[in-house]
Amino acid sequence: MISNAISLLIAIPLLGAVLSFYAGTKAKFVALIASLIPLALSLQMYMEFDKTSKIMQFVESYNWVPSLGVKYTVGIDGIGFPLVLLSTIVSVLVIIYSWGETKKPNQYFALLLLNEVGVLGVFTSLDFFLFYIFWEIVLIPMFFLIGSWGGPRKDYAAVKFFIYTHVASLVMLLAIFALYFTYQMPDGSRTFDMLTLLAATADKTIFPTSMLNIIFAGLLLGFLVKMPAFPFHTWLPDAHVEAPTAGSVVLAALLLKMGGYGLFRVILPMLPHVDKAFVTIIAIIAVISIVYGAFMALAQKDIKKLVAYSSVSHMGFVTLGAVAFTWMSVTGAMFQQFSHGIITCVLFMSAGTIQHVVGTRVIADLGGLADRMPKFAVIMMAGFMASLGLPGMSGFVAEFMVLTGSFATLPVYTMIVVFLSVVTTAAYHLWAMQKAMFGPILKKYMNVHEPHAYELFSMAMIIVLSLIFGLQPGLITDIMGTAATQVMEPVMTLTEMGVI
Amino acid sequence: MEFSHYAPLWGEALLTILAVLVVLLGSLMKNSGKLMGYLSAAGLVAALALVASNLTIKPTLFFFDTISVDALSQFFKVVFLVVSLLVVIASMSKYTGKGADEYFALLLFATVGMMVVSSSVDIITLFVGFELASLSTYALAAFDRSRKNLEAAMKYFIFGSVASAFMLFGFSLLYGMAGSTHLADIAVASLDNFGPATLVALLFVIVGFGFKMALVPFHMWAPDTYEGAPPLVSALLAAGSKKMGFVAAFRVILIALVALRMEWYMAFAMLAAVTMTLGNLAACWQNNVRRILAYSSIAQAGYIAIAFVVVGAAYGAMPVNVLNMGPIRADQLGIAGALLLILGHALMKTGAFIGTALVASNVSKGSETDPDDISNYAGLAKRAPITAFCMLIFMFALAGIPPTAGYIGKFVLFSSAIYSGLVWLAVLAILNSALSLVYYLRIISYMYLKEAAGPKIKEQKGYVVALVLTLLAVVWIGVFPEAFINWAMQAAAVLLPQ
Amino acid sequence: MIPLELYILLASTMFTIGLYGLFTQKNGVKLMMCIELLLNSANINLVAFSAYQPNVNGQVFALFSIALAAAEAGVGFAILIALYRLYGTIDLDNINAMRW
Amino acid sequence: MYADYAYLIVALPVLAFLLCLFLGWHLPRGGGFITVLATFGALIVSLGIFSETYPSEIVHQSMPWFANFNVGILIDPLALVMLLMVSFVVTLIHIYGNGYMNGDPGAARYFAEAALFSAAMLGLVYADNLLQLFIFWELVGLCSYLLIGFWYRKPSAAAAAKKAFLTTRVGDVLFLAGIILLYNNLANLNLALKPGEYLLQFPVIYAHISQIAPDQLTLIALGLLGGAVGKSGQFPLHVWLPDAMEGPTTVSAMIHAATMVTAGVYLVARMFPLFYAAPHGLTAVAAVGAFTALFAATMGLTSFDIKRVLAFSTVSQLGFMMAGLGVGAAVGAVAVGVSMFHLIGHSFFKSLLFLCAGSVIHAVNTNDLREMGGVGKYMKWTMYTMLIGSLSLAGFPLFTGFFSKDEIIVIAYEYGTLINFLPYIFLVLAAVLTAIYTFRMWFSVFTGKERSNYAHHESPWVMLGPLVILAVFAFGFGWAAQDDFYSYLDSTFEDIDFVELSVIGGHAMLEGEHGAPAAEGEHGAVAAEGGHGAAAEGEAGGEEAHGEPWYIQILPIFVAIGGILLAGLFYWDKIKKFDPSQVTGEKDPIRKLLLKGYYQHEIMTGWFAETVVYGTALICNTIDIKLVDGWLNWLSALVLGFAQHVRKVQTGIVQNYVTALVLGVVVLVVVITLAKEVGLV
């Protein structure tokens, strides 16, 4: 049992960021090492992780700002750990993918590592104060990644991304305040401890429904914007289109997951105690996000924008599964988080590779690339198939579980999704694939070549992962299943768990 | 009366003597700028040590009960001393030659004035200290004698003296009403004989302090002066003398005029709301970085002013467990929050202005372009990495991004607002700090995202030391706020009837 | 003896005149004079009040403020002179390079 | 002991897939032999299992997968006949492919994908639960997509691939919906499952059908039927199948004739009890099947592309199979036997026909019937093997197709007597047309004079060998197997109580009405006694002795021969009487309609896909830009515009500043006093 595993997990990339900032051209090696260690660490944690217990594991808790009731409390359970795993995996692959980065590499890799720090913090912190700090910190590296490595409209995109999400998180902060100031511990003191506060929301005498509704709405907004769900998604396409490939990957694979994580950790425990209308509202938002996202993707000209909207659509499944609130759907939604996190990487990487090999991302200008880059074509094909929910890859399992589970409580919405989204999703994937890759090779692309080995490698790795988790979902759904049952039940505080 | 009895005031005494000494020496020996710099820096450090030696002292009165040394005064003295120290350190690489002695002397005098204000409980001493600080800063604002300097100084001077005239008139009315110049007496008196004159007095006093605090509509001088004055002086104004306005307002309004609670509650509710909104809005379109910072500090003043509203709202409320500091009252928390934000803002603003000073100092004298124009900041990250990084952190801190001093201050302050039922004000403030991102991000994206415009900048030692010290302080407060919160709470307790 | 109200009336009138001057005048020196009016109206108040009080704090205060006003005038004129050297005028309407 | 190696049936082809994918590039002929060996291995294992389990044992293995789903193998007679057929046909086609693909640069890719397909198809067949079946179902779809688009440089091929995937996907959506419905219905029963039992396993489903509400059953049945319709190219989702001929001919033979397209039929057969229990479930199946049979046949008449003719005939024959299952509403589980019999037979002669066509195309280098003719002179083997295939397809007496198709028509007649005659009529007409278009094709390919100059040579033996073998089966399978086939298949559902189900499905009512005939004819009994009567029905199906009048018995013979003669009169130069182009003028609307293929492309692709769907997408896009993102930009513009005005307050003239100060004081005084007056504070 590693002591302070989580703190190490957060500290090492931070250290790595500083080092690689000063490592100049050697930055990538430093970064790789600094991201491999957390990966190894998290795998080790996976070995030690008790899949069946609903207890927070690897908990560390120290007083930080006693006068405000702020503690440095971190720990993981089935909700957070899969995402921790995801973050460490994706970070490594992203760093490998951008091995050839030549523009200010030291800053570039430092920022990628900072990103890892932020998301790891969000997924592990059990104290709202700490949670919020990490939640905000994540914005900064992403702002710079978009802003200084981005495309033509990078400034607009970066600022829009920052302000849009920041406003949302401020609303969330207000809601957190409301929780904080309403609840008093038995000894009259205040606490930011997540689990304690969430457990308290069950108590009607402390949180009358009318009040809890407002708090709930505030928190919900914060998370839905991050997801992002319709109609709060418009920052996403801009950010993605302008961001550099690695930026998009991290954005889609990790940052969006923060929103989903929030749903499971914070929203679901409160759901039973708030106005029932919320279920309908969230369900509608989810359905619209899924269907609308798919149709938007169908209408896009830029392949990266297409992928961006596909993220909106896929994250909608997370919302749907979460709000459907059955064991199967919640498990599925958690798994969708994980699987989308993996699969979206390969999509954005493909888009990026096309961008810098061919020089354009406009689908209409592409054609017959498979003729010149067969290996890449195979991988991209596999990625797209995974994304459109081909059985055998992780995406299918997740969406199947979500739909099957959601039907029990939200039959109508589920059926709408099934009928309107499945074919559309397939349609835009195949259309893009066919237009870009197949058909006769265009004259102007006669001399394009396979992308670099490291790009192919990182993409192939993702395909392999998607296959592994598609064929053997149990590896991770066991953990999530436990978490799902635990989400269904009233929240246990750390003291009730007997952890501290 | 033995000498040691005055120990708590040695700091002021030391600085006064030092200031006089600096002037004398300066006139005696030629180009002794460097020496003067080191001298006054040393003096400030010494004074800081003296003040710090009894940081949380029981309130003790001196000089016929006109001067009170207590936690609050010490808190502000620390703020002023730190700011002046940073400014001096930065100035040491700018003011080396002729006239440096005057510069440092004025700076020290200004500091002394502020320190006097911070601990005066009698309107006479308060007025004297106030004027001492103002007069020296008038002179400082014009120090480099460029066109901009003089215009800035002129506006500052005229507006300032009008404001202090208002304040004096208000004081006179207060004296007439109470028959005494002691704040305590005024407090007692204002409870019974209470008339329109008192209201006028209150508002006139608010004008006087509002001018220093740069609350809308008493802020008009601030943007021009901060932009026009020598950058380091702007730092002193924004970070130092602004805070003097707050401490004076705390003492006079919260203690002496407590009877008019409803009135100043309303007044400050309006002022705070208008100030933060207007400041942020006006900042969005500025192209002069120092002007942006000026407006941002106006907005910050708006946030800090929330404390008055909180006290007004929560006055006399029963103490309860607001936070984990045992039973305390929302108004105390509010003041504590304001104090934290004052501390944080003082540091961030000093740092930011020092940064602008560094950039401006590298623009050749003759050049037509405004040295503070934002276009000069393009690609600063490449041209002056340390400065750019510090500026970056200061911007995020000003915007209230955790974990920085700015975040903690806002956090406690807004918490108190919510706690005392002023949710609308808290929401407005939070929306405002979101809006403020527009211009902070603009500066940042110029520094980091634009291509470098111009040659590499030589980062002089003095500036860099000051910047880095400030940076460390800002982050330290943000990451380990515990001690500071407690300190602020103790300081706040001074203002409230036990 | 003269009732207090009259003193206050006088003071207020002076104050108002001073303000009016501030609004209307362009010339820097005239503005300085108006400011002096404001300050002195306050001084009148102080002295008058102290005459009706057992203590003399008011007169002390007045003395202080007069001294300070003098110093203020000194600084003020220094600035105005410097202005005049650079701009060739002390017509303050024309000195508005910094605005908006 | 073979049963222990059942997993190899899938594992071997998967292995072959990996080998070809990664090493194929370095192997001769893209490593085709690996694929052949793999599928042959699968065949061996299947045969072994057959030998062990015959007559009625069942192999069932299962292990947990994730959540509450499992992976498992269920080999009952129904699955086993499919396994044997698939592994056998596929092996032959791979052998043929070694010749056909020889020299193609993408051979390795071809064999890899072919191997993957074989794996998926075999997996589909012996999946023990619906989810697993669905997964392989999608995988075969993927392989078909990949193989149709095998020559991806050809835009038409890429487009056809996409069309195939999307059209079947529409069906899959319904299938998925059906599964979700079924799962939730079963889950709501809160069954106490024994360890090793899972909700979606077929045995579990069969056991609990009777507890599910009838209306739910109908919905589920329709959902599953939708899936079958998509996969088996039934109307209206058949449009992809003709286009799918863009792929290599081997692919058409393997996927789009013999195996994959039959998966839909197999699904319905597999879920037959559920369809049977669902009111109107089988009626829908019968309707779809019968209509498609006729509809596709009419299109087969007019196409000039040899492969498209075969494709349409495939669609039509699949219609026969569907109809065969559908009429089970009247005759019970025996329908499964009848329909599967036709499925197996069809897979032999249809793959034979395709391979022959391939061999012809290989030599002639065109698909167009109008450019062929007289090929028979140079390709004797091909000609005769294809003749056998054609006769079998046309249902010429004593050929496989005769026994199977005839049986379907007969039970359709009984369905008519009990319920409704429409399917019967449709099927008979379709049979006539089948004979006609089959021989239209055969005559215009092999007889007459050369209508273009093409290479005169027979195909290599590696291609002819499979033809011969298939020809043997296409001829012999029918009378060889018929006796035991029905009885063997009927043992699949023998422990299911069809009486109970028929009550739910409302078939008992029919039985009540037709009490008298039902009591006499064995078929009537089937409706009531299901499986038990089925054995009897099986034998009865074998001989021609039935309760029906004699003319029904012999009608099919005349249908077949008559059709062939009719075709001859048009297309066989020896006995040619009419010229097709004179019978109906160019202007003839019906002819035009047929040539245009009922304007399906215009409706499906042109109107629905490109106008409705893509239009919606564009509308969404506009909304997104103008509204959802628009209000944000509008807001920011508003705020910043306001700011622009606010800053103008700062005039730069110090007197105005003082004025502002005084104004501020005045405002404060006024507001505060007013507020106090009002009592606001």
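Axes are lines fitted to C-alpha atoms, for helices over the stretch in contact, and angles run from 0 to 180 degrees between N-to-C directions. With that in hand, take helix H1 (residues 5-22) and helix H2 (residues 27-48) of chain A: their axes come within 8 Å and cross at roughly 175 degrees. Angles over 145 degrees count as roughly antiparallel. H1(A) and H2(A) are therefore roughly antiparallel to each other. The model is predicted. The points below go by topic.

**Confidence and overall form of chain A**

- Chain A has a mean pLDDT of 91, and 100% of its residues reach 70 or more.
- Within chain A, confidence is lowest in helix H20 (residues 494-497), with a mean of 85.
- Confidence in chain A is highest in helix H3 (residues 81-97), at 94.
- The secondary structure of chain A consists of 20 helices and 2 strands.
- The C-alpha trace of chain A spans about 75 × 55 × 40 Å along its principal axes.
- A compact globule of 500 residues would have a radius of gyration near 23 Å, and the 22 Å of chain A agrees with that.

**Helix pairs in chain A**

- A second pair is helix H14 (residues 327-358) with helix H18 (residues 453-471) of chain A, packed at an angle of about 155 degrees with axes 9 Å apart.
- That angle makes H14(A) roughly antiparallel to H18(A).
- H14(A) and H18(A) cross in a left-handed way.
- Among the H14(A) residues that meet H18(A) are A:Ser339, A:Ile342, A:Val346 and A:Thr353.
- H18(A) contributes residues including A:Glu455, A:Met459, A:Ile462 and A:Phe469.
- The contact of H14(A) with H18(A) counts 10 nonpolar, 5 polar and 1 charged residues.

**A helix pair in chain D**

- Helix H4 (residues 107-126) and helix H5 (residues 130-148) of chain D pack at about 155 degrees, and their axes are 8 Å apart.
- H4(D) and H5(D) are therefore roughly antiparallel to each other.
- Their crossing is left-handed.
- H4(D) brings residues including D:Glu113, D:Leu116, D:Phe117 and D:Met121 to the contact.
- H5(D) answers with residues including D:Leu133, D:Phe136, D:Trp137 and D:Cys143.
- The contact of H4(D) with H5(D) divides into 13 nonpolar, 1 polar and 1 charged residues.

- Chain C has 3 helices and 0 strands.
- Along the sequence, chain C reads α-α-α.
- Chain C has a radius of gyration of 17 Å, well over the 13 Å that the globule rule gives for 100 residues, so chain C is more spread out than a compact globule.
- The C-alpha trace of chain C spans about 50 × 25 × 25 Å along its principal axes.
- Where chain C touches chain B, 32 residues of chain C and 32 residues of chain B take part.
- On the side of chain C, helices H1 (4-24), H2 (28-51) and H3 (57-87) are the elements that give two or more residues.
- H3(C) supplies the largest share of that side, 15 residues.
- The side of chain C that touches chain B has 23 nonpolar, 8 polar and 1 charged residues.

**Chain D against chain A**

- In this contact, 34 residues of chain D touch 38 residues of chain A.
- H5, helix H6 (155-188) and helix H29 (600-628) of chain D each give two or more residues to the side that touches chain A.
- The largest share of that side, 13 residues, comes from H6(D).
- By class, the side of chain D has 24 nonpolar, 4 polar and 6 charged residues.

**Backbone details**

- A:Phe230 and A:Pro231 are joined by a cis peptide bond, with omega about -5 degrees.
- A:Pro231 sits in the loop between helix H9 (209-226) and helix H10 (235-242) of chain A.
- D:Phe235 and D:Pro236 are also joined by a cis peptide bond, with omega about 5 degrees.
- D:Pro236 lies in the loop between helix H8 (214-231) and helix H9 (240-243) of chain D.
- B:Phe64 is not a glycine, yet has a positive phi of about 55 degrees.
- B:Phe64 lies in the loop between strand E1 (60-62) and strand E2 (67-69) of chain B.

Notes: Residues are numbered from 1 along each chain as its sequence is written. Chains are lettered from A and ligands numbered from 1 in the order in which they are written. This is a predicted model: local features need pLDDT of at least 70, side-chain atom pairs count only at pLDDT 80 or more; totals for chains, interfaces and linings use all residues. Helices (H or I, at least four residues) and strands (E, at least two) are DSSP runs, numbered from the N terminus. Angles under 35 degrees count as roughly parallel, over 145 as roughly antiparallel, 65 to 115 as roughly perpendicular and the rest as oblique. A crossing is left-handed if the near helix is turned anticlockwise from the far one by less than a right angle, and right-handed if clockwise. Two residues are in contact if their C-beta atoms, placed from the backbone, lie within 7 Å. Ala, Val, Leu, Ile, Met, Phe, Trp, Tyr, Cys and Pro count as nonpolar, Asp, Glu, Lys and Arg as charged, and the others, Gly among them, as polar. pLDDT is the predictor's confidence in each residue, from 0 to 100. The radius of gyration is taken over C-alpha atoms; the globule rule is 2.2 Å times the number of residues to the power 0.38.
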